[in-house]
Structure formats: C-alpha cells, structure tokens
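This report looks at how two copies of a chain are arranged and how they meet.

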Amino acid sequence: MTKSLAQLYPILFGGDYNPEQWPESTWEQDMTMLTKAGINSATINVFSWALLEPKENTYDFSMLDKIVNMLSEHHFKIVMATSTAALPAWMVKAYPDVTRVDTHGIRQGFGKRHNACPNSPNFQRLAKGLVTAIANRYGDNPAIVCWHISNEYGGQCYCENCAAAFRLWLKQRYTTIDALNTAWNSNFWSHTFHDFEEIVPPDQHTDEFETGGAVLGGESLDYRRFQSDSLLANFKLEKDLIRTVDPDTPITTNFMGTQKDLDYFKWAKALDVISWDNYPSFDTPASFTAMSHDLMYGLKQQPFMLMEQTPGSQNWQPYNSLKEPGELRMLSFQAMAHGANTVQFFQLRQSRNGCEEFHSAVISHVNSTETRIFKETAQIGADLKLLPADLLTSQKQSEVAIIFDWESYWGVDFSVGPNVRLNYVDQVHAYYQYFYQHNIAVDLISTDADLSSYKLVVAPLMFILKTGFADKVTDYVNQGGTFVTNAMSATVDEEDNVLLGGYLTALHDVLGLWVEEWDSLPPVNNCRIQFDNQTTAKADMLCDIIHLETATTIAAYHTDKFYNEYPAITANHYGQGRAFFAGTYLDQAGMAAFGQQLITAAGLTHPDDQNDGVELTSRYSNDYRYDFLINTTGQAKSYHYDPATTTAHELLTDQLIQTGDYQLAPYAVKIIRA
Amino acid sequence: MTKSLAQLYPILFGGDYNPEQWPESTWEQDMTMLTKAGINSATINVFSWALLEPKENTYDFSMLDKIVNMLSEHHFKIVMATSTAALPAWMVKAYPDVTRVDTHGIRQGFGKRHNACPNSPNFQRLAKGLVTAIANRYGDNPAIVCWHISNEYGGQCYCENCAAAFRLWLKQRYTTIDALNTAWNSNFWSHTFHDFEEIVPPDQHTDEFETGGAVLGGESLDYRRFQSDSLLANFKLEKDLIRTVDPDTPITTNFMGTQKDLDYFKWAKALDVISWDNYPSFDTPASFTAMSHDLMYGLKQQPFMLMEQTPGSQNWQPYNSLKEPGELRMLSFQAMAHGANTVQFFQLRQSRNGCEEFHSAVISHVNSTETRIFKETAQIGADLKLLPADLLTSQKQSEVAIIFDWESYWGVDFSVGPNVRLNYVDQVHAYYQYFYQHNIAVDLISTDADLSSYKLVVAPLMFILKTGFADKVTDYVNQGGTFVTNAMSATVDEEDNVLLGGYLTALHDVLGLWVEEWDSLPPVNNCRIQFDNQTTAKADMLCDIIHLETATTIAAYHTDKFYNEYPAITANHYGQGRAFFAGTYLDQAGMAAFGQQLITAAGLTHPDDQNDGVELTSRYSNDYRYDFLINTTGQAKSYHYDPATTTAHELLTDQLIQTGDYQLAPYAVKIIRA
Amino acid sequence: MTKSLAQLYPILFGGDYNPEQWPESTWEQDMTMLTKAGINSATINVFSWALLEPKENTYDFSMLDKIVNMLSEHHFKIVMATSTAALPAWMVKAYPDVTRVDTHGIRQGFGKRHNACPNSPNFQRLAKGLVTAIANRYGDNPAIVCWHISNEYGGQCYCENCAAAFRLWLKQRYTTIDALNTAWNSNFWSHTFHDFEEIVPPDQHTDEFETGGAVLGGESLDYRRFQSDSLLANFKLEKDLIRTVDPDTPITTNFMGTQKDLDYFKWAKALDVISWDNYPSFDTPASFTAMSHDLMYGLKQQPFMLMEQTPGSQNWQPYNSLKEPGELRMLSFQAMAHGANTVQFFQLRQSRNGCEEFHSAVISHVNSTETRIFKETAQIGADLKLLPADLLTSQKQSEVAIIFDWESYWGVDFSVGPNVRLNYVDQVHAYYQYFYQHNIAVDLISTDADLSSYKLVVAPLMFILKTGFADKVTDYVNQGGTFVTNAMSATVDEEDNVLLGGYLTALHDVLGLWVEEWDSLPPVNNCRIQFDNQTTAKADMLCDIIHLETATTIAAYHTDKFYNEYPAITANHYGQGRAFFAGTYLDQAGMAAFGQQLITAAGLTHPDDQNDGVELTSRYSNDYRYDFLINTTGQAKSYHYDPATTTAHELLTDQLIQTGDYQLAPYAVKIIRA
C-alpha cells in the first residue's frame, strides 16, 4: 500500500527546480528565497539524463547528490523525477533507433524532448539502466515524497520497431488475421491482410490523411491504443524498478488535462496518484479549467497533485498574457476546490536560456523576492499553512456525471466527415459549462464507471459505443436515472463499425427514437432550434433526422430545409427514469434552455442561477464540508452565500460566516469550513 | 465495333456494390431491396485485389464468382471493375517500388488507394497478371455490360522508375538534347542539359516551388503530360488485355469532371465510353454541375455514364450537406439532360467501416426500404422506366462552344505570377455560367475541335496557344464565326515559350489589337470597367494594357491609375465574323453586359432571360427533341415554356404540354418530348 | 586599393543580360535598342555554369567570349558574374552532396538555384575550378568594371558536411565542450554535450520547432552565424581567386535589403562595394524602400550599386502591380538620393521562358522600343547624363542613427514567446518611418558603429546585448547623446542567456529604470497608452512593467488591467544626455507623439512637418549639397522648399531654384545642386 496524498501535510507547495542549469554558487540563495515564500518542496531531475550518464553505462550522480543533500538540509521535500523524458546526444548518435519516426516516415535526429521511441529496445535497455541506478541510489531517501516518471508522456512513433511491436499487440488482440480483417472490415479498398507481417503503422505516408482521417478506423484506433499502451509500458517498466527498492512512496507522471494521445483512464490504474500540469491560456474559460481538474480527479475519483502551473506568463502560447494580481492565487485554490492536494509550479527559478526562458517562475529573472510574482507566491504559501490536514482527506460529491472517453475522442478525429468543425472536447465542455455556470458539481467519468450514484449522466459525442455500455445505460435509466446524449453518439463499435439499424440503435429503447440520417451544416447557415417555450437557439454542425417512437419533442428545428419542425431535442420516459437526446450541437442559449429541463428532470439539488463568474465548489471530509467560494474574474462580484449551518468558518481570514450577500474582490477566494 | 450506350436499355440504374465487405448472409436481402428500388445493375470488384490475389500469382475468385452469380441470377447487369486501383499489402511489402514517391522525394508505404507508380515494372507485371485472370474468367459473361478499369485515375509519382521512363518519353519527343534545351529554354538558371540522363522529375524537392510554380514551364508541362500518358498506358494495358477476350463490351474508367491531373481529351480517345463521378458540394452552383456534365459529354461529343453520385450526403467534403427531397432526382435528370445515359450511385449499400462509412448509399445504415433516400431512389427507378429507348440515342446541339484545355490549366498553375488568385476552371465557368443562366446550350470542346458548326466560340484563359490554333480561329472568324478570348490567352507556346511581339500576337489580326503589358491587382482595389451604356462592373486580377488597331472599345477601365479610360473589352470585325477580347476578368455584372453583346453579335437563337434557377436543356434524337425543364433550386419557381409544337408530351406524367406559365415545385423536373 | 564607385562615370546604367537564352541572331538588335535607351552596361554570366562547364573540368567559353566581345564592341561596361549560383545537372548527378539538406532532413535534388551546400568539398572544388578559369580568361578585360560573385546568397543547409564543419567552427569559438555547454546552458532538457562530435545542426527534425523557435537559443544563433560565415567563405574563396589576377576591379555580390539569413554587416567588410536588389511590392511604403537603401548604404557607410530593380512588374509576388508612369524614374532617383551610384535592372531583355518570364524588362515581350517601359527607361538614361560626376562622390549626413542588428533579428525569431506577432524588421521600420515622414536623415548602423557623431541613436527591439554595447551607450549618453530603446531590447547576451536583475539591467543606469515582467497582448485588446498631452495611442504586443528609478513617465498605460497608469514610455537624464524607453510597441499615432519629444530632446535640425509623401533627401560632396525632392506618390503634391542658398540649380531641367511652394506632379523628381 503506497502512501496517499492525504498523508502529505503540510500541504506540498513547490515545483520544478533545475539547479543543474545554474552555478552552484547561486543555490544557497535559492534556498533562502524559496523558504521565504513558504516553498516546502522541489521537483528535480526531470531532464538530466545526459548529466547522469555521460557515456553509456557510466553514471555520475555527483551533482544530483549535491542537489538532494542541499534540499534535504533545507527541509525541502523532494519529488524525484527519472530523467528519461529527454535523450542524451550520445545516445541518439550511437543508437539512432531511440528517436521516433514521424508521420511522414522521417526518422528524427537529436533534439527537443518527449521523443523517445517507446518500442526501441535500445531506449528500453538504457532507460532501465538509468532508472535502476537512480532507484538504487535514492530509493530509501526519506526526503523523497513522490516519484515522477519521465514527463508529459504523449505523441506517436511510426518506426520499424513500433511496427513489429504493433503486430504482436494485434496478434494478442485478435489471435487470427481473419478476426482482424473482420474487425477492421479490411476488404475495404483492398486492405485484406493475409499475414500479420503485412501490417504497417497507419500514418500520413500510409493509411491516414493529412486532414486527420483514417482509411480503416479500426486500424488507426488500434494504433492509437497500441501507442498509448507502449508508452504506458515504458512508465510501468520504470515504476516497477522503483517499486523494487521503494515499497510505499507514491509514483506518478504528470498528465496534461484533455490531451488526446493517451487514454488516461487506462493509465490511471497504473499510477499511485494523479498529477497534472495546468496551463490555461489567455482565453481559456474558468469552466474549462474546472473541467480539466474534474477530469484529472475523475481518473481515480481521488485528489490529485497540481504538479505544474506557471506563476506568471507562459511563453509557448501565441499570446502569453500575464496573470493579474490575485489570479494565480485564485487558480491555485480553484485547483484545490476541484481536488488538488498540492500547489506546485513550473518552475521555482526561471530558465536563463533555452526555449522556456520566457516561462515565468517563482524566482524570476529579476532574481529578487520583491517581485509581484514572488510576493503573490509567498501569500499563497502563507494561506496554505492556514488550511487543516483534514482538507486533504476530503473528496468531491456530485449528482451529475459526464462521460469522457478517449476512444470516442480518437474516433471522432479519425472519422472522415461529417463536419470538419466537430471537436470532441468542445462538446464535452459545452455540457460541462452549463452545470459549472450553475455551480452544480460534476464528475468526469469513464465509460467503465458505475452510474448508479448519479442523478444525471451525460454522454456528449460518445461516438464509440463500448461493449456493455448500452445495457448499463438501459439499467441505469430503468432504475430511475436521467441520461442525456447527443448527435453521433453510440454510432460505432470499438473498431469503428457502424451499428446498423438507424443511428443510436443500441439505445433505441431507452431514448425512444432512432435516427435515419443527418444534415451537416456549413458555418454560415440559418438553422435554429425552437423550444416549447419559444426560446430559440442555434443548431450547429449536425442536424439529426430523428424518428420518434416513445420520445417526445422538447425542441424542434427551425430551418428552410425539409426538416423544419422536425424534432431536434427529445425526452423519453423509460422505466423509472428519463432519457434525453439532442440531435444537434448547442450554443450557450440552447444549453441554457435544455439544461434547465435536465435539472428539473433529474431533481438536482442546490443549483445556482447563472453564476456570473463566481464559482462555489465543495469538498467533503468525514467531518466537514469545505466550500470554496471563488471569484474567477477580474471584476468585483456580489454573491449570496448560505453556508446552511451556523458554524461556518472562513479559514484564510479566520472569520465566522453567515448567510448573506458577499462582496468579492477580483479573484477573491473564501474557503469556508462548514 | 463496341456496343454503344444507346443500346443499353432499360436505362442502367445502379451503382457501386461491395458485398465482399459484408457477410454473405446479408446478400440476398440486398438483392430484394435493390430490386424493389428498380436498381438493375451493379458496379463490382473495384477494390478487391488483395482478396483476388492473396499471394503473388495465386488467384482466388471464389467470392467474386459468388457475387457475379448472385447478380446474374437476380438479373442485374454488371459493370465489372478490374481492382487495380488499390494495392494489396503483400505487394507493397514485397515490391516497395509499386507505390509512389511524393513531391518531397518520400516513398509512400502501404495504404490508401490510387497510389500505384504507373511506371513500376512490378506494378505493371502484377496488374497484367490480375487483369488477364479476370478477363479470362469473366470475359464472356453476358451479364457484364461494361468494363470499369481501375478507378478515378490521377496524381503523380516522382520515383526513379518514373525518372527513367520520363527520359525515354523525352527522347521520343525531342530526339536530341539540344532540341530539348531549345524547347525548354534551359540555359535559364544553368539548366542546360548535356545528356538525357541528367534530367530528373520536377517536384518540390527539385524544380518546382511549394506554391505551385515551376522553374522551367516546359519541363513541368512535359512531366504532367508524361504522367498523364503513363497512367493512360496503364489503362490501355488493361483495356487491351480485356479486349483480347471480349470484343465488344464498352470499356471505361470513371472520370472526375474538371480535375487537373489528366488530359481527358487525350484519354477520351482510348475510352469506348466516358463515365464520370458527380460530387457537387453544398455550395456548388447548378451551372458548375451542368458545365461538368457538358465537359464530360464534350470529351467524345457523345452521351456518357453517370458512374457515381451519392444519393444523400458525401462525407469527404468539409461540410457534407444532405440532399433535400427531390434534389437527387433533380440532379439525376440534370445529368441526363446534359448527356448522361445512365444513373448510377456510389454506392448501393453504405459502408459499415472505413473512411467512406459516412458517405450515404441507397441502402443506408438503417438497412431499410423505408428511408427517405431509399424511397427517393425508388422514385427515380420508376421514372426511368417511363423514358423511351429513343432518348438514349439523342444528342446535344449547341450554337456555342467553350474551349477547355488541360494544358492551359496546367500552364496557368505552373506559371509564376502574375496573380496568385488566377484559377483556370473559374474562368471557364465564368463564361459558361453566363450562357447557362440564359439557357443557351454550350459544348465544351478541345483545341483540336472543328469550330465551323458553332456561331460563337469562347476560349477563356487559353494560356497555351497550340500549333495551328491561331490559323483555325482566323479561318473561323473570317468565315463568319464569332470568337471571344480574354487576358493571358495565347500567351505561350506548348513549351511555355512566350510568343513575342505583344501578347496575343498570334491573334493580332483577328482581334485587331495587341497587348503591351498588364497590371496585376490585389484583392482589394477600386478598378472597374464601364460599358458604353454606362453599366459598370468589377475588373478583377489582371488589366491588360491594350493597343487597338482595328478593334473598337466596348468597355473601358475606370481607375485612378494611368490606364483610366483605356480599352478593357474590345470588338473587332474580321472577314465575315467578329472577335471579342476581354482584357480583364469579369464578375457576373460584367459578364451580363458583355454576354448580351455576344448573343447579339453571334445571332444566337432562343436565349432565355436570366433563368433564375430554372434550366431548360434539350437533347435531340433523329425523331424527337427532348426538353428537360428543371427547377434546380429548393424554391418554387414559375417558368414560361413554349414547346413550339402542339404534340409535346411530358413523359413522367404522361401529359400533353402547351405553351404557358408553369409552376415548378422545388427541384421539379419535366421531361417533354416534342 | 580597389577602384571606388565614385570613379564610375558616366553613371552605370544597365542590368542583367542573358543573351545565352536567345538565338545569336537577336543579339545585335538588343545592342541597338539598349543603346537607344542610354543603357551603358550589362551584368552577364549570372547563371551559366552548365554552359561554361558542360562536363567536369571541361570548359567552354565560346558563347561567353562572344557576349563579352559584342558588349565591348558596343562600348558596354560589363559587370561580370561568376555563375556559381546555380548548379549544373551533371554535377548534382555526380556529386549529390553539392545540394542542400532541408530542415526536415531531406536532401534536395537538381533544380532551382541558390541551393549549393556551402560546406560541400565537391562544390567548393568545382566552384574554385570554374572561377579560376573565368578569372584567368577575363581577369584583365578592361570592359569589366565590377565582379559579381554568385547571386543573392542566402538560406541554410543541414547536411553531414555542414554538421562536421559546424563542429570545427564551434571548437574554434569555444575551445572546450564545457565552455560550449556553459554558453548554451545545455543542461537544459538533457542537452549536455560530452564531445563536439555529439552536436548536430539544429533544424526542424532535431532542435528547432516548426513555428520557428529553438530549444537552445545559443545553438541556433551559432548555427545561423556559422551558415552565414560558410556562405561568406564561399564568397571569399571566389573573391580571392579573382583578386589574384585582377588587382583593382571592385568585387561585389548582390544583397537583398532586410533579408534575414546573412549578417550583412559582417559580410560588408569582405565586399569592395555593396550592391543590392530592390523589389518593393504593391503595398511597400516608400519609407520601407528608403530604409532598405539606407541600410545598404549603412553597411559600409558608402554609396552602393542598385544592382537590380524591375522596370515594370515583378512576377513572384502574390500581386504584381505594374509601376505607374514615372514611378520607375522616381524609384531610381529615390535610390540615388539614399546613396545609389548606379541604376541597374533585372533585366535588360525579358525572359522568354522559365519562372521569370513575367518579370518585366527593359526590352519586353513586345520586343519594341515603343513600349511605355522602354521609353521611361530611356528617359532615365537621358536624365542620368545630366548628373555630374561630383554627385558620385557625395555622401549622406545624418544626425540620427538606428541600429540594425542581424543577431537580434535571429534572436527574436528563435525565441519561444512572448508574442507570435513580434517582428524585428517591423519594429526597426516603425522608428525609421517616423523620421522619414519628417524628412530627417537616418543612418542604419551596426552595434559596432561609433555613436559619437549622432544626436540621436535608436535601438529598436535590440534583443541581444553584445559585449561592450552597454558601456558604449552609457558613454554616449553621458557625453550628451540621446538614446532610445524599447521593450525586449538588451534582454539576452550573444548566446541567448538572459541578463539577470530585471530586464534591461545593463542599461539600468542610463535608462533610469528596470523592468520586472511584461504582459503579452492578443491582437484584440483594449490596451492604450496616454501621453501627458492627453494624446492616446495603441499599446501593441507587449507591455513592460517598468520600475522607475531616475526616469520619468512621458506616457502611461490606459487599460483595465492592474498596470493601468503604470509608466509605458519614459525619459531619463543621464550625464549630459537623455535616454528614452518605450515599454510597448507603438502605432503611427504613438510614434508621432513620442517622436516629437525625441526631436526636441535631441535638438534635431530642419525636420519637416509630416511630409505627406514628398521626400527631401540630401547627399553631400566636398563642394555641393544635392537635394533630391521626390513625390513618392501617384497624386500631385505641393511642397515648400527652401534651398538655403541663392545658387540652387535643378539639374534635370537646368533651372534656378528659389524658396517657394513647388507643385509636384505624381512621381515628380527634382535634383537640386545647392
């Protein structure tokens, strides 16, 4: 049993720290400054392979020893990374197969990072050597509170080693080539395979299109699964080596929210704790950040580490706005509200050179504790000390679940048509945002999750219907649940084979309808939907032509095409529950009208009116409820808050809180224990 | 002598059918359903090479035999394809040279389709083997009414085999390297060749620019000719093999309208019958579809097969709008109006998987005869039975011809400058559209065509002046014809050498002018033209500076530049005829003003006023005129129709037709035999 | 000592001439026509390697001899090129390493031009052979007045030969690998190098990003320096060969204004005389053309050759507007006003074929002396004869200098962040344009230049602070100079290492401030600046957060963010001088308000009000001032001109000039000797 995040107290407050990029003479000053900000931990050794192993099988831990010793002496907890996320130059020179081959068939050279071929035997052997040496040297170091394997896994490789490994992976999945041909429907375009050896990775110079679609959806889905699995095997290889010498320190790797490449639900099972890097851009809505946190929480339905965030500006986005005063603090507590049990930064000292030199840090290029960012960081450090250990044991409670499914995400992207503007994550967010705006807690769950505890389950654009899911939904609704899905959901099986008999055929009974065809709209069009109460909204991208059976219409198309007045959104009673279906994609006006009906139908408790930027999110421990009241905006806001108890207490200001209208300064945060 | 399309009766009504992608247990149901819709034929075996030849030189016709037998038993006529349009995976593995090398010099791997290198000896040998086996097995099958070789030929390869074949092709064309150097003007940029062996294919990693231009226009034009010829040789190789065993069944391959890669006029000579695939997108004007049909008709000035169209939505366009009720029927009869003698679909049963799964079909994913698309298809099937065999013998009659020249199309694209917005097909369409909007029939003809039967001949953006063409035009006008051309026409010879002495020098006498230089306009500008009657219109992209000799001005520039009031459009009397020249490109307002003068000058008969979406197109048999009166729009229209006879008869409703105002429902079609 | 441009009289009036692309029978006519236009020189042999060396080590000068003889006989001066700018096909076939490898790692094939690998031993050996032969043959030819080596050097190669040469270059620069690691801060992302042999060229398939940024700024800057040096070595190799046989004829290569690839200040030292090619596009402001001339002048602070300009339209730009009547003459004299001592064209006869066929020439496709372009050229020829030899000895005098620094140009591009819209040249132009619009002469200078002669020195976006520069500026201001810089200047050292202690720390004293952080603005924002006089203007891209020490605010931010009313533009007294700092990028309104204060502060003499398109630019000989009064627009303008002497004389019209309001026709030019 590994240690849990709840046992980490004082709350981990730190971030990436790369003293090897600086003269040793500067290190002591760092310790002094960071301590002044309340920083109590450091993530180290993320990209030091070339330093640690200057030539093959020769290790040099002298600098890392110094860093570990210094941090220990200054009572910093250590998040120890394994340094396998960037390859040394000598390795690429000696073993060219350690880098990836890109989608055009071109082998990459030395450079950048995150580009090791996961199936390169040389990479695997050399990574094993390094991690064994690190684990042996530091495995029993009491300062290490977490292991951080590699960094931000992602991407694909299309080399010969991957091709060979893919064939083995396919043999395990399908056993026979006939089974594979059937699954992939590979008689299409003369793709019939007579031997596993004939199969090559689908990329842009073979079987995928420049625009992202795939000739055989099943093949490309399998390759994506295989590449996600291959990187996961890299992770597990390292984890197992560490676990051999360190039985109980949590092991993680840092995730990236809604990234596409990896099936994080599958990965989550292999991680002891989830950690992730939160990099909103200047135009990211607060609801999207909240959704990303909820997704990371949802991977294990457990608190997570906020492994990285920038204290000021990013640099790799097109326009890297700074964070306004209070914004970093707001974002840090928003993360905690949604389940973060740590507050960490990339990074503690700003790079002096290299492509991240304009990515801000706690200690900026000014090299002073008098900067705005430093002082704001120190404020958060002080705030965190006011929060009790009990908070770290608290969890989320949600009546609403939204399904997030990486395979559907991939499937929509590999699909050729029906509309180039279709984007999986946008559709998940469209539904999430509605609940967020009403301060209704939402769990992001996988298709494997138990639905029974939720009053409302939404499956937006769930393109792939996995085996057993239709039965699960049917049972769920039959027993009183409320289910919502929309256009193009449940269209294909796990190998991209369309389910015949009218779209959504597998949910035919529970939805009370079937879909015959759809229209795909260009961006400029005059198609609208109209609800019973005469509210109208935009119909976007697709319009399903729905045949009602037991379902009824709650909104109809308003268009100059033949499907004018045809059903656009429907509701159906099934067993003890109800099921809703949106045959088109909705703008915020449409979501508002639809969402109100969902709240009523599911009998959701305590929804706010439109929250106008003030988020109220709760965590629950065995003894307390912690309400995070957060002004996510740069404008002053008023909010009527009712703690529903007379003993509510704001933790950062140590004040009693009663029901009333609260004035919230820009980015203000209240953490109320009730 | 091969059989003609006119002998095909009942009218071929069918489409692509790929039962090998489905369990055999489903086939009988297909037969029942398709028969119910009046489908009487199927195009099969388009992409089955990997099934037919599971390993080299081992053929397995068991499934194809079953398909052929089933179709025969159910009285379906067969369009038999040769399956060479997609390569088996084993072949690419065994012989990597069978795939193409792209414009960056990268050899493609296994995948997609339409990507065999035309000059690969391995591909040629293996294709020969397959087609020989197919021809031997099915060559005398009476159900086969047409052979369909490969599929949608196109694209280029830049491999070593192509390079070697190109050198041979050049030796045949030029005999000596000096002649080649002269033709290509290759002393430019040190391109002088001393041996044919020095020549490499011009691509983006050699002699062509990313933006599409070419260093040596002649070289790139020749490579385009060579690649078109290479694919044509592939076609002929297969055709000859079939012809050996089947003396009289028509052999075709499916064309793609105004595609750029192949010189269809050259190809047409090798085809027994033209067939093509019509895929308008949501914003394709009816005039463009009509023009494409007329171009396909014009390739042989004979009726053609409408080999593919989708009964509902496409999937590979950005926005794949569905066809509204009646729209498919309208498009099918519009095709017939312009010369189609068949109505065929891609496809009869919708793909279950693969990149075409969201391309609609007669039997959709609903798998029912109750779908809108199925019922609309069945309606067309019923309609077709009402049309007489005599219709298939009918032909077009046009007073107007527009020249379509693939070499000019290429030449404009290879030209560096003068304006990036210049688009060959758009310019052809600009003129076509004017006549279409006045229901004036137009033939699309090649530069080789006899002009003498036309009252008016238009050569839009005919960049390349072919040998003999100037004389032909001069004779034509001298003898009373009316000729129209415009800016950048007749600028270069067949190897891209500019004709000196003022642009259009070769047409100097007939046009009565010469052009000294031109201005190239950015998209935002205030340049206009003004006609004698004060009508103004936009001048677009280029403004020729015209020197009048015998010509007169019919529109002048209106601009703040020095050429204000200079001639923009001119007319010239020459011999018994007239020649017009537009020194700029025209919008619809400009075409309207110019076109009215052309109609008058050429004395065209029966032009309509602006047709407002109601097309009237005629075909003529020995005994009858068939008028197709078509509302191409989704709005109800009124049209005054005069059959010019008292015995006119609407074939689909079996009603007598008299002169009068007819109300036409959206997409309504009347076929009147007069 | 080589001959100077001032000794060239009559003024060189000519251009590129490629008779080898034409039948010899046409050459005599060219001579007649060109002579008629006053053309007195020709640039020849630019792209004839394949003709001159038909196979390796076999030279054939027969055609070049004829060309040289003909030109000599007709009294044309010759600019003799060396023909190494385009490779013969046989060479690429025999030695594939002579072409470059692109940024994706793909070796280019035969074609195009300007694509020899500078470090290919084969290319170097073969170029040496050719140039030796040319020098030996023509080295003492009295008609040759200038040698023109290669053509428009630029671009990069990433091949193995370049990699090896780069390692040598780095060993010379850094001596030890440790020094290199320190300079590049290469512990970042595991980039530590243990041996020079581990280093590979940074390109998109190694260490640079598709979007242009670099992982290690120092590495990419060094590679850019190395490639610039490599091409310069190619130049020097050829120059030295020529100099062996020809002791005094000036040797040049044609530059391209503000191009990015080469550090022209470094190159300029190796050239005897600067020459350049001026190709404004339809929307290039007159100020940008003027700046480009001033930059080319500034390379050696000496007059230059206007080696190429098109007499009419370009062809390789998206929209190739023609030059209006008088515009070519205006541009030719604008060039002279800014230091050109020649007027040359690309080209004398328009290409008949190839990718430059629509690039206009003195003799156009009309092949006539009656064309507008020919006659306008002849007018310039006649005008030039009216200008005295003394003019060629005249030089510029400027009170204002703007620093142009190729390394900062590269550095901004290699930087990842902070704002994708940031463009080095645009920022230089923003400041230049202000002075231009007030007819204030500006020198473009390098960071090495002596500043002491200027009243005002501006360093826009001078990202890299070179060793010694801060001291030089400090001395300059201390002694009374006025210095201006702006956001992101002086941010890093020559290896991209950020200078710590607050941005602009090295200029802290002289500017009287330090910068803590910045905001990066998206294109749509409401951030403004407001000057003391209430004038407002846009704040663009970056907003520095400035801490004033001794500086004062002259404009403050006006924004809804926290830095509202914070200083945006500042002024500081330091020693005898002043230093200004703009913390954001300015639009023309902002420059107008800021510039007015700079003029006053620096006490600039004779500034005009906003010049409204009428440029007044002066050159100074020992005896005279030459005022070029130029209407750069297509509209008539009025201008009040005061020659400040009673003996002023307009040279083209031979008229006395007195103080007064002059009406200037569109593109009118007056050259007044005062």
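## Axis and symmetry

I106(C) is the residue of chain C that comes closest to the rotation axis, at 5.0 Å (C-alpha). Chain C superposes on chain B by a rotation of 120° with 0.1 Å of shift along its axis, RMSD 0.0 Å (least squares on the C-alpha atoms of residues with pLDDT of at least 70 in both). The two copies are thus related as by a three-fold rotation axis.

This is a predicted model: local features need pLDDT of at least 70, side-chain atom pairs count only at pLDDT 80 or more, and totals for chains, interfaces and linings use all residues. Residues are numbered from 1 along each chain as its sequence is written, chains are lettered from A in the order in which they are written, and side-chain values use heavy atoms, with hydrogens and water left out.

## Extent of the interface

In chain C, 48 residues are in contact with 61 residues of chain B (heavy atoms within 4.5 Å). Only 2% of the interface residues of chain C are also interface residues in chain B, so the copies meet through different surfaces.

The buried area is about 4500 Å², and carbon and sulfur atoms give 58% of it (accessible area, 1.4 Å probe, lost on being put together, summed over both parts). K112(C), N353(C) and F358(C) supply 17% of the area that chain C buries against chain B, more than any other three residues.

## Salt bridge

The rule finds one salt bridge across the interface of chain C and chain B (a side-chain nitrogen of Lys or Arg within 4 Å of a carboxyl oxygen of Asp or Glu). R372(C) forms a salt bridge with E517(B), with the closest N and O atoms 2.7 Å apart.

Notes: Buried area = accessible area lost by both parts, 1.4 Å probe.
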